Amino acid sequence: MNKTSKAAKADAEVSDAVRPGQSLELLKELHILTREGRLNQDSRRKLKQVYHLFQFIEKLLGELPADGAQATLADHGAGKSYLGFIIYDLFFRGRADGHVYGIETRADLVEKSRALASQLGFERMSFLNLTVAESAVAAALPARIDVVTALHACDTATDDAIAFGLHKQARFMVLVPCCQAEIAACLRESKALQLSRTPLAELWRHPLHTREIGSQLTNVLRCLYLEANGYQVTVTELVGWEHSMKNELIIARHTGQRKSGAAERLLELLAQFGLESLSTTRFRLP
């Protein structure tokens, strides 16, 4: 294959992978495309994952008044803000209003995101060097946020994002949890006592099982907590397992109907697994 044919093939691959109207400059700055405007296998995987998540978020934004024309979105644990930038580029850039907030604790990443937004003319993007707890009361954010996202927010950062969403009366929350270590640690601490009390403790007797059960239990408790606070919850796959092991996508839609049954099951599970203390911290019910 000659150089011209190779270049044409590479251009076709990019054209097939990238959304119509997508800013190629943005994708280059995010290192999803190379400086020559090409894709590699890793960037193709990353782009597929972010686009797949965007499809869910785009649908939710479209359910807001005026087709999301005035929507506000807060992305927690934004990192380099791949998700925020792509949401803005594909949804907000062509609209006259709406705002995306990227919330990140690493100051250097916040500054880089601010510079990139300025370079691209993405005027309705703000990047805040704050913890999630700080952002809940920060004057730089509005009193209400329509959509809260947290992509691969590590360990308790997902719980912090949920608490932020509840405080901001979010209409939707889109969460991809990661590294749920807190409950696994609690299970390890009470393992001997629980083994003497119930055969269920066999589920987390071995360290590998402790980690896996801790991760699964964490997300089950989060879903019950959201339902108890008036959200309808859907749990699905983000992408195929061949792309990411951190693959669980939790979508919460506010209905205002608090489920007493979910609250009861939440408390029962906490008691069953020896996690009662979390009912006064992570999973404090209204």
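Let's start at leucine 33, which is found in the loop between α2 (24–29) and α3 (41–62). Helices here are DSSP runs of H or I with at least four residues, strands are runs of E with at least two, and both are numbered from the N terminus. Keep in mind that this is a predicted model, where local features need pLDDT of at least 70 and side-chain atom pairs count only at pLDDT 80 or more, while totals for chains, interfaces and linings use all residues. Residues are numbered from 1 along each chain as its sequence is written, and side-chain values use heavy atoms, with hydrogens and water left out.

Is leucine 33 buried or exposed? Its relative accessibility is 3%, so leucine 33 counts as buried; the cut-offs are under 20% relative accessible area for buried, over 50% for exposed and partly exposed in between, with a 1.4 Å probe and protein chains only. Setting aside neighbours within four places in sequence, leucine 33 is in contact (heavy atoms within 4.5 Å) with Val14, Leu24, Leu27, Lys28, Arg38 and Leu39. Arginine 44 is eleven residues from leucine 33 in sequence, and the two C-alpha atoms are 8.8 Å apart.

Now for the rings. There are six aromatic pairs in the structure. Rings of Phe, Tyr and Trp (its six-membered ring) pair if their centres lie within 6.5 Å, and planes under 30 degrees apart count as stacked, over 60 as edge-to-face and the rest as tilted. Tyrosine 225 and phenylalanine 283 have ring centres 5.6 Å apart and planes at 80°, so this pair is edge-to-face. Tyrosine 225 sits in helix α11 (residues 207–228) and phenylalanine 283 in the segment after α12 (260–272), so the pair ties together parts that are 58 residues apart in sequence. Both tyrosine 225 and phenylalanine 283 are buried.

Elsewhere, ring pairs join Phe85, Tyr88, Phe91, Phe92, Phe122 and Phe127 into a cluster. A charge sits over a ring if NZ of Lys or CZ of Arg is within 6 Å of the ring centre and within 35 degrees of the ring normal. Arginine 19 likewise lies over the face of tyrosine 51, at 5.0 Å from the ring centre.

Most residues other than glycine have a negative phi. Serine 81, though not a glycine, has a positive phi of about 65°. This serine 81 lies in the loop between β1 (72–76) and α5, and at 2% relative accessibility serine 81 counts as buried. Alanine 66 has a positive phi too, near 55°, and lies in helix α4 (residues 65–68). With 60% relative accessibility, alanine 66 counts as exposed. Within helix α8 (residues 157–167) itself, the buried residues include Thr158, Ala161 and Phe164.
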